[in-house]
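Reader: Hi! I'm new to reading protein models, could you walk me through this one?
Author: Happy to, let's have a look together.

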Amino acid sequence: MTTIHRNRARFVLAAASLIALSQAPVAHAADKVASAAQPATSDAPEDTGTITVTAQRRTENLQNVPISVGVIKADDYADYKAAGSDSLLSLSGRVPSLYVESTTGRIFPRFYIRGLGNIDFYLGASQPVSIIQDDVVLEHVVLKSNPAYDIQQIEVLRGPQGSLFGRNTTAGIIKFDNAKPTKDWTGHVNASWGSYNSQEAEAAISGPIAKDGSVTFRLSGLHQHRDNWVTNTYTGPSADGTVGGSKTLGRFSENDGRFQIQFDPDPATSINLTTSYRDYSGTATLFYRGSIVKGSTAPNPTWNQKQVAYDEGGNNPQAYTTYGQTLHARHDFGTVSLTSITSLQHASGYSRGETDGGAAVNFPFNGAPNGYGESQGRLRGLDQWTEEVRLASSDKARLKWQVGGIYFDSRDDTEFDQRAFFLQGTANNPNNWVLLHDINTSWGIFGQASYQVTDAFSITGGVRETNDTKKTALLKTANTVANVSTYTGRTFVRLSDTKPSWDISAVYKLTPDLNVYARIARGFRGPTIQGRSAVFNADFTTANSETNTSYEAGLKSSFLNNAVHFNLTGFYYEVKNIQLNGNDSNGNGVLFNANKARGWGGEAELNAHVQNLTLNAGLSLLHTEIDDTNVYAQTCGLNGVQVCTVLNPQIVKGTGTGTAYYAQINGNPLPQAPKYNFNASARYDIPTKIGKFYVSTDWNLQGRTYFVPYKTIEFTSNNNFEGGAKIGWHNDHYDVAAYVRNLTNQHNLVGVIENYMAGVYNDPRIFGISLGIK
């Protein structure tokens, strides 16, 4: 795209300006910027019990931050994603109120915090959970799918974070902090191998380039692979040339790299240039048609996770490439510091799938094959450019403040191909697709101040003004065989909104080991355009901005000389004009605003490290409900027959095979919002003269979750659970272990294609071995 050249020019100009800044006079050299010299968690000493976070763009003790924050450490994260498991999906449920799922494979994770998320699978869909990687927002769903590796830690900030992090954070953010270059030589290699030839290798090396440590680097890499393990049993004729066979689906191959170079020309100046690259290919999500049985939550007893019968879809291939560059510079003038973050990100690729989940001949209707469906989304090119500048006071002052601004620019060309595009021997192959051009720009100015009123009491307040503008142009319509367009909707839509976000919080230290806090915050998600409907010759659908006002209070405590932490939070929120996916009572819509939605609940977290035992546990309780008597959702119907058991009041429209059913969803819980989630992990070390032997285990239990906006018996899960275990030996330099993921081989339903009673399930059980060297 032409914008990438303009953005690169901006990047070079910003880089030149910031290098010039590094030569500025140093007012107080003693206040050295040390963040870039922190070692990677995997190369660091034993944990002391204090957990530090940067949830407020400053390094602080977690126990003193007046925000509900969950932390995932690098070592725990490595266990969750062993054997090449999807690194982002493996985060689901690992801290209270966090849920992650996907029905589009490894390139489109959907995140939910406290029940707020977006179930839409449109490539241009916006989400109320923002992903921040090294202080850079990754907005597009494909950029959000970049795997996390060689990390320092992961922070989950629950509730609106609009003051410091901008729009589209009404639910919260997930913040990934990568390990940084070090002035000493360090490095690690972690490799594992398991069932289905599942492989993972993560490696990093870091050290000085200049002898005085003023120039350092860090090189990190990730390799993940799994062989095909699912057989396509279909052997009949195929309209698009799909060929079945033994073990033709399920594979993936991920090869990623990141290079950082760090300049510390003087004690007050820090400049980090990061370049990253991702190359991925694999299999899109597998839908199992007929695995869901009407009137039951149990899988069809004849269902086999290792077999599908796909007559179309080309065996569900997908492939994506992303790369980016980020320049992070900071100069400390003594009483204030100036930070600039300039980032360019690019992505392109495609994902194709058999969307009905089974061969049409196996599911006849009136004696004829029933249910042909495949589609492909292709991101021809995406370019994202962001520039953020912050001016902040010293962390040591009683009054701490920061002000700044950000500009965001994202442009993409997205193609949607429907079934006829792939059919062999038909004249309309080149016509049955649409092409959209999307532009999303945003700017924001913000400020935050925190005042230490007394040694025990402090207050914090922040405000931000943000503009979010979206434009979508239809460049090509889905024409007929005669190359004539039947599309009568809009070919260009522009939406724009400017809104404030704010928060105010207070924390009081009751004792040296017990803090209580309260927080009120408001955030907003910008307007959204749904352009995918043009592929069906239907007009674009849109939704206006939503706002979330959240109230929370809690306590943070520590015991046994900081060896045990226990944190407790209660919350209530109300989202006005919430963006949902469904239909109104006239059958119109795909994307729309409902009047409001509410949610309330609580979170509890326990972290303990006592002698040789390490224990982590978390619990979240959640109630959500939609409040709008005029909102309906189209339900499960195929050829005029309702194929599932709907529990909501309904209206029926049409006759015969054109009959459609619409359920009123007022009072329903939000989709993909678990009623509760419990997670626990434990590790016990046995010291010996030759090192430590250890055994560890981790478990996750998820309460009732509805996958769609309307209530049914079938499209729900209750008490899904999954666990893992590991046994091994380690010393200062080596770690050898055997592990198992999905220990009890649970078949958990995690997604559905309603009309075809097709289910999506978690990964199978994986046994493996691992080796670590540092």
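Author: Let's start at one residue, Thr-386. Setting aside residues up to four places away in sequence, Thr-386 touches Val-136, Val-137, Ile-341, Thr-342, Ser-343, Tyr-407 and Phe-408. One thing to keep in mind is that this is a predicted model.

Reader: Okay! Where does Thr-386 lie? And is Thr-386 buried or exposed?
Author: Thr-386 is part of strand β21, which covers residues 374-393. Its relative accessibility is 5%, so Thr-386 counts as buried, the limit for that being under 20%.

Reader: Let's zoom out. How many helices and strands does the protein have?
Author: There are four helices and 49 strands.

Reader: And what about the overall size?
Author: Along the principal axes, the C-alpha atoms fill a box of roughly 80 × 60 × 50 Å.

Reader: How much of the protein is buried?
Author: Buried residues make up 58% of the 774 residues.

Reader: What share of the contacts comes from residues 24 or more positions apart?
Author: Among contacts with a separation of 6 or more, such residues account for 69%.

Reader: New topic: aromatic rings! How many aromatic pairs are there?
Author: The count comes to 15 aromatic pairs. One of them is Tyr-551 with Tyr-572: the ring centres are 6.4 Å apart and the planes meet at 35°, so this pair is tilted. The pair links distant parts of the chain, with Tyr-551 in strand β29 (residues 546-559) and Tyr-572 in strand β30 (residues 564-576), 21 residues apart.

Reader: Why is that pair called tilted?
Author: In general, a pair of aromatic rings is described by the distance of the centres and the angle of the planes. Planes under 30 degrees apart count as stacked and over 60 as edge-to-face, with the rest called tilted. The angle for Tyr-551 and Tyr-572 is 35°, so the pair gets the label tilted.

Reader: Nice. Are those two tyrosines buried, partly exposed or exposed?
Author: Tyr-551 is partly exposed, at 40% relative accessible area. Tyr-572 is partly exposed too, with 29%. Tyr-572 also forms an aromatic pair with Trp-600, and this one is stacked, at 6.2 Å centre to centre and 20° between the planes. Here again distant parts of the chain are linked, since Trp-600 sits in strand β34 (residues 596-610), 28 residues from Tyr-572 in strand β30. Trp-600 has a relative accessible area of 36%, so Trp-600 is partly exposed.

Reader: Which residues do ring pairs link into a cluster?
Author: Trp-185, Phe-217 and Phe-259 are joined that way.

Reader: And which residues lie over the face of a ring?
Author: Arg-106 lies over the face of Phe-252, 4.1 Å from the ring centre. Lys-556 is placed over the face of Tyr-517, at 5.4 Å from the ring centre.

Reader: Can we switch to Asn-679? Where is Asn-679 found?
Author: Asn-679 is in strand β41, residues 676-688. This residue is buried, with a relative accessible area of 8%. Its side chain reaches the backbone oxygen of Arg-94 at 3.2 Å. Beyond neighbours within four places in sequence, its contacts include Gly-93, Val-95, Asn-616 and Trp-699.

Reader: What about His-730, which side chain does it join in a polar contact?
Author: The side chain of His-730 makes a polar contact of 3.2 Å with that of Arg-683. His-730 belongs to strand β45, residues 720-730, and is buried at 15% relative accessible area.

Reader: Last one: which residues have a positive phi without being glycine?
Author: Asn-315, with phi near 65°, and Leu-560, with phi near 50°, are examples. Most residues other than glycine have a negative phi.

Reader: Where are these two, and are they buried or exposed?
Author: Asn-315 is in the loop between β18 (307-308) and β19 (317-332), and at 15% relative accessibility it counts as buried. Leu-560 is in the loop between β29 and β30, and with 60% relative accessible area Leu-560 is exposed.

Reader: Thanks, that helps a lot!

Notes
Residues are numbered from 1 along each chain as its sequence is written. This is a predicted model: local features need pLDDT of at least 70, side-chain atom pairs count only at pLDDT 80 or more; totals for chains, interfaces and linings use all residues. Side-chain values use heavy atoms; hydrogens and water are left out. Buried means under 20% relative accessible area, exposed over 50%, partly exposed in between (1.4 Å probe, protein chains only). Contact means heavy atoms within 4.5 Å. Rings of Phe, Tyr and Trp (its six-membered ring) pair if their centres lie within 6.5 Å; planes under 30 degrees apart count as stacked, over 60 as edge-to-face and the rest as tilted. A charge sits over a ring if NZ of Lys or CZ of Arg is within 6 Å of the ring centre and within 35 degrees of the ring normal. A polar contact is a pair of N or O atoms within 3.5 Å; within protein, one must be able to donate a hydrogen and the other to accept it, and residues adjacent in sequence count only if both atoms are side-chain atoms.
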